[in-house]
Amino acid sequence: MPYVVSLVCSRCGRKYEPRQNPLLCERRDLGRLDINYDYDSIMEKLDRDEIERRPHLGVWRYAELMPADKRFAAQLNEGNTPLIRSKRLAELLGMKNLYLKDETRNPTASFKDRAMAVGAAKAAEMGKKDVVIASSGNAASSLAAYSAALGLRCCAFVPEDVARGKAAQLLLLGARVVRVKQTEEGRDPTVQMMLKTVEELGWYPSPSFGPFNPYQVEGPKTISYEVVEQLGWRSPDAILVPTGSGCLLTGVWRGIRDLNALGIVEETPRLFPVQPMGNQPLVRAINSGKRFEEIEPEKWPKSIASGLLDPFPWDGDAAMQATRSSGGEGVAVSDEEIINAVKLLASREGIFAEPSGAAGLAGLKKLLDEGKIDKTDTVVVLVTGSGLKEAEKATKLYGEPPLIEPRVEELTKALNI
Ligand SMILES: Cc1ncc(COP(=O)(O)O)c(C=O)c1O
Ligand SMILES: [Zn+2]
């Protein structure tokens, strides 16, 4: 890690040397070990031209800004996802500059591949054999895929009602998968189990939450690097981020901060975390001016957006700071609004997203209606995960297609033509 200078606990300020490879703060205070880089040295190597010259090697295209040694990385080629300039959706919303960052195109079909590429590489670098994760499914599938490629053993704790496609994907990727019941209000039982295996079995934790693994947070930074490059080295005016733990939002913000520090771009976009109404501890806290310590976990989270159901936003401190300092705010959307966004993305842009992946668009519609985002703004909506993993939800919306005998009269009848 030649460019990492230190890791500092976000709660108690304790400082760690990079060569210690810390994972959790020794004080077990749920602080995230924020990573500091030697920007002056990185600046000598990395500028716009240099980045453009480099091939797309996933997050390792930006190796100087990653906290693991790329020689230990698996090459699944995450990232380099298209930034699609919306036409039909933009037209409907009356917008001029709407872009969709299509993260469904990642190796396991969600943005979490960026995080787990780094988390798994770090495990391999540290000589770990067993890795463990708590997840609603996407991050677990990512970790399982990178573990398969690196020969690590992966154990995944998932919720009782995990989507069938996500469980199937996980099992096929070779993970040991265990569903865990929620028995206490406001507590995530998958996280409780993960922590027990870390303390009692010595497994390497790699969930997509900062306080339990500081390295993986750095993967999603590359979304910001790519967006800025894809816009011709300009920052958008706003980015809409589907949010559960707040780790993705934290990554997106750090990516921008890196680019600012390296002098690659000067502006900062306004950041808008979007949560479902049935689980919005972070949005509530941001919009009511609360501090991180005052966040109340959601007792029994409930929404169609299964990836956004963390009862407590583990990276809420950084997410709050990112949102406020960028001039953004939190947005809560109903399940109906999320379903509408899924339908719009599919039918107007050809992107099949899962509900969690489409929440950003639902948030944008709301902010446009409230006049908080201007129709002339350059806006990027992150579409974070594929609908194929939760196909049963789509089936519920539209049912089974009609069955006919191969005759035109039957077709015209079935389709009401
Ligand atoms: C598809 C999708 N979008 C967004 C998120 C939210 O990310 P975070 O928990 O980092 O806020 C998740 C998390 O599981 C997800 O699966
Ligand atoms: Zn600490």
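Which residue in strand 13 is the bridge partner of Ala 238? I looked it up, and the partner is Val 379. Reminder to myself: this is a predicted model.

**Entry 1: the sheet**

Strand 10 (residues 238-242) and strand 13 (residues 378-383) run parallel, and 3 bridges join them. Both belong to an open sheet of 6 strands, which I noted in the order 4-5-13-10-11-12. The pairing in this sheet is mixed. Strand 4 (83-85) and strand 12 (331-333) are at the edges; each has a single partner strand, so one side of each has no neighbour in the sheet.

**Entry 2: Val 380**

Next I picked a residue in strand 13, namely Val 380. Is Val 380 buried or exposed? I found 27 C-beta neighbours inside 10 Å, and the cut-off for buried is 20 or more, so Val 380 counts as buried. Leaving out neighbours within four places in sequence, I listed its contacts as Tyr 99, Lys 101, Val 227, Pro 236 and Ile 239. I looked at Leu 361 too: Val 380 is 19 residues from Leu 361 in sequence, and their C-alpha atoms are 9.5 Å apart.

**Entry 3: Leu 249**

Then I moved to helix 9 (residues 247-261), where Leu 249 sits. Leu 249 is buried, because 32 other C-beta atoms lie within 10 Å. Beyond its neighbours within four places in sequence, Leu 249 is in contact with Val 241, Thr 243, Leu 271, Pro 273, Ala 319 and Ala 322. I also checked Glu 329, which is 80 residues from Leu 249 along the chain; their C-alpha atoms are separated by 12 Å.

**Entry 4: two helices**

Two packed helices are described by the angle and the distance between their axes, so I looked up both. How do helix 4 and helix 5 cross, and at roughly what angle? The axes of helix 4 (residues 112-125) and helix 5 (residues 138-150) come within 8 Å and cross at roughly 45 degrees. Helix 4 and helix 5 are therefore oblique to each other. I wrote down that their crossing is right-handed. Residues making the contact include Met 116 and Ala 120 of helix 4, and Leu 143 and Tyr 146 of helix 5. Sorted by class, this contact has 9 nonpolar, 4 polar and 2 charged residues.

Methods: Residues numbered from 1 in each chain as written. Chains lettered and ligands numbered in written order. Predicted model: local features only at pLDDT ≥ 70, side-chain atom pairs only at ≥ 80, totals over all residues. Helix = DSSP H or I, 4+ residues; strand = E, 2+ residues; numbered from the N terminus. Buried ≥ 20, exposed ≤ 12 C-beta atoms within 10 Å, placed from the backbone. Contact = placed C-beta atoms within 7 Å. Pairing = 2+ DSSP bridges. Axes fitted to C-alpha atoms, helices over the stretch in contact; angles between N-to-C directions. Parallel < 35°, antiparallel > 145°, perpendicular 65-115°, else oblique. Left-handed = near helix turned anticlockwise from the far one by under 90°. Nonpolar A, V, L, I, M, F, W, Y, C, P; charged D, E, K, R; others polar.
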